[in-house]
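Let's take a walk through this fold, one stretch at a time. Keep the viewer open and follow along.

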Amino acid sequence: MNAVNQTVQMNEMILENMQEHEQVIFCNDPSTGLKAIIAIHNTALGPALGGCRMQPYRGMADALQDALRLSKGMTYKCAAADVDFGGGKAVIIGDPLKDKTPHMFRAFGRFVDSLNGRFYTGTDMGTNMEDFIHASRETSCITGIPEAYGGGGDSSVPTALGVIYGLQATNKVTFGTDELAGRTYAIQGLGKVGLKVAEQLLIRGADLYVTDINDEAVEKVKELARNHGGMVKSVDSKEIYAAEADVFVPCAGGGVINDETLSVMKVKAIAGSANNQLLHDRHGEKVKEKGILYAPDYMINCGGLIQVADELYGANKERVLTKTKTIYHSLLEVYRQAELDNMTTAEAADRLCEKRIEDRKRLNHFFSHSKPPKWDVRN
Ligand SMILES: NC(=O)C1=CN([C@@H]2O[C@H](COP(=O)(O)OP(=O)(O)OC[C@H]3O[C@@H](n4cnc5c(N)ncnc54)[C@H](O)[C@@H]3O)[C@@H](O)[C@H]2O)C=CC1
Ligand SMILES: O=C(O)CCC(=O)C(=O)O
């Protein structure tokens with residue numbers, strides 16, 4: 001097969017995979033080693049907004065798949081958080097511990113800038129505020145950088161807080177009380193969000209099983225337990241699924257709720273920050289069959305989105321806090337609807353968000369930067 005035919009075949013594969021996505025941008029900057037994909041799923045509610053993940057993907061196909069799934073999730077998350085933004089996400093192919101450089105993030109910033117306001121981005125798994133300080137030198141479409149740089153600060157703070165509210169709602173339905181104390185939580189991933197969730201749980205009197213592929217992260221939690229009290233037992237990354245815990249709290253990668261992990265899980269609930277936790281939609285049904293209550297990922301982890309969206313209207317910490325608290329009530333509502341309509345919690349959340357998107361689509365038109373939008377405060 002010649003090169004032209006190969007390219008045509010690859011483009012066909014990409015378009016097939018795109019399903020209802022609006023746009024996918026492949027970014028290649030040999031001078032900095034940047035290889036990234038930006039996926040814009042839906043801008044009916046406003047410009048696309050979503051973080052940028054950096055991960056050593058096995059190849060382009062894996063990275064594309066992740067960008068497509070994550071950006072679709074952001075469309076639902078924006079509807080869940082009731083913000084006037086659409087779904088988008090970026091992925092950078094590379095090992096965050098070895099490959100990142102300031103120049104790489106500046107190059108990424110230039111690609112984001114070329115989209116002229118169709119896509120706003122910031123931190124996600126494998127990236128941090130420092131990376132986006134570099135990117136923000138090239139574009140105003142960056143969120144989640146320190147206040148000193150005109151941003152709203154670390155978005156993992158409200159994400160973790162939202163997970164705590166979500167855990168309270170989940171405990172209320174599962175155990176009859178929203179107390180977090182006296183229970184055991186199995187936390188997977190102790191990065192920006194997981195570590196903060198672990199600290200809050202220890203402060204409130206919980207015990208933890210924890211795992212992270214990075215030993216330093218595990219040490220940090222043990223240090224927190226020495227300060228705040230509580231039991232912390234570290235386990236191997238595969239053992240976390242079978243931990244004798246009440247609640248599994250996934251705060252690392254996606255696809256962790258699958259046939260294999262469910263076959264060993266003993267927990268009564270799953271509630272954590274990771275995006276795209278269900279490997280396939282059918283795993284929502286399997287979770288229900290096992291009698292496990294699942295907090296739909298994009299509902300419980302939308303605290304960070306609330307903050308970065310708020311930042312684009314002019315950051316206000318109190319407003320972010322007030323909106324983040326609503327995660328408790330919106331999750332209780334999803335649990336109630338799922339019970340009433342005998343459906344999975346994931347289906348109940350999707351239904352709620354799809355209705356919101358349809359209702360608001362009637363008011364919004366396709367987003368285009370040529371029409372100055374009310375949220376474009378930075379230009
Ligand atoms: N940062 C934020 O505000 C938000 C994050 N999320 C999601 O939450 C999850 C965590 O995000 P961050 O804390 O920002 O990422 P992070 O990169 O700061 O932390 C992830 C942690 O997970 C660990 N890890 C990776 N693979 C692992 C494995 N197989 N087993 C155990 N540990 C593993 C890493 O070593 C790292 O310590 C991601 O799925 C992200 O998309 C969702 C909403 C907002
Ligand atoms: O939390 C952020 O910084 C942006 C929102 C996002 O990408 C997410 O919620 O996954």
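Ile 25 sits across from Ile 38 of strand β2. The model you're looking at is predicted: local features need pLDDT of at least 70, side-chain atom pairs count only at pLDDT 80 or more, and totals for chains, interfaces and linings use all residues. Residues are numbered from 1 along each chain as its sequence is written, and side-chain values use heavy atoms, with hydrogens and water left out.

Back to that pair of strands. β1 (residues 23-29) and β2 (residues 34-42) run antiparallel and are joined by seven bridges; two strands count as paired if DSSP finds at least two bridges between them. Helices (H or I, at least four residues) and strands (E, at least two) are DSSP runs, numbered from the N terminus. Four residues separate β1 from β2 in this hairpin, and Gly 33 in the turn has a positive phi of about 80°. As a general point, side chains in a regular strand alternate between the two faces of the sheet.

Now step back to helix α1, which covers residues 3-18. Its 16 residues reach 22 Å from first C-alpha to last, close to the 22 Å expected at 1.5 Å a residue; that expected span is 1.5 Å times one less than the number of residues.

You'll find Lys 89 in strand β5 (residues 86-93). Is Lys 89 buried or exposed? Lys 89 is buried, because its relative accessible area is 2%, where buried means under 20%, exposed over 50% and partly exposed in between (1.4 Å probe, protein chains only). Leaving out residues up to four places away in sequence, Lys 89 touches a set of residues including Ile 38, Asp 124 and Asn 275; contact here means heavy atoms within 4.5 Å.

Asn 171, in helix α5 (residues 156-175), counts as buried because its relative accessibility is 0%. The Asn 171 side chain reaches the backbone oxygen of Glu 179 at 3.0 Å.

Finally, Thr 345 belongs to helix α13 (residues 345-361) and is buried, at 11% relative accessible area. Beyond its neighbours within four places in sequence, its contacts include Leu 293, Pro 296 and Tyr 335. From Thr 345 to Asn 275 is 70 residues in sequence and 15 Å in space, C-alpha to C-alpha.

Definitions and conventions: Chains lettered and ligands numbered in written order. Polar contact = N/O pair within 3.5 Å; in protein donor to acceptor, adjacent residues only side chain to side chain.
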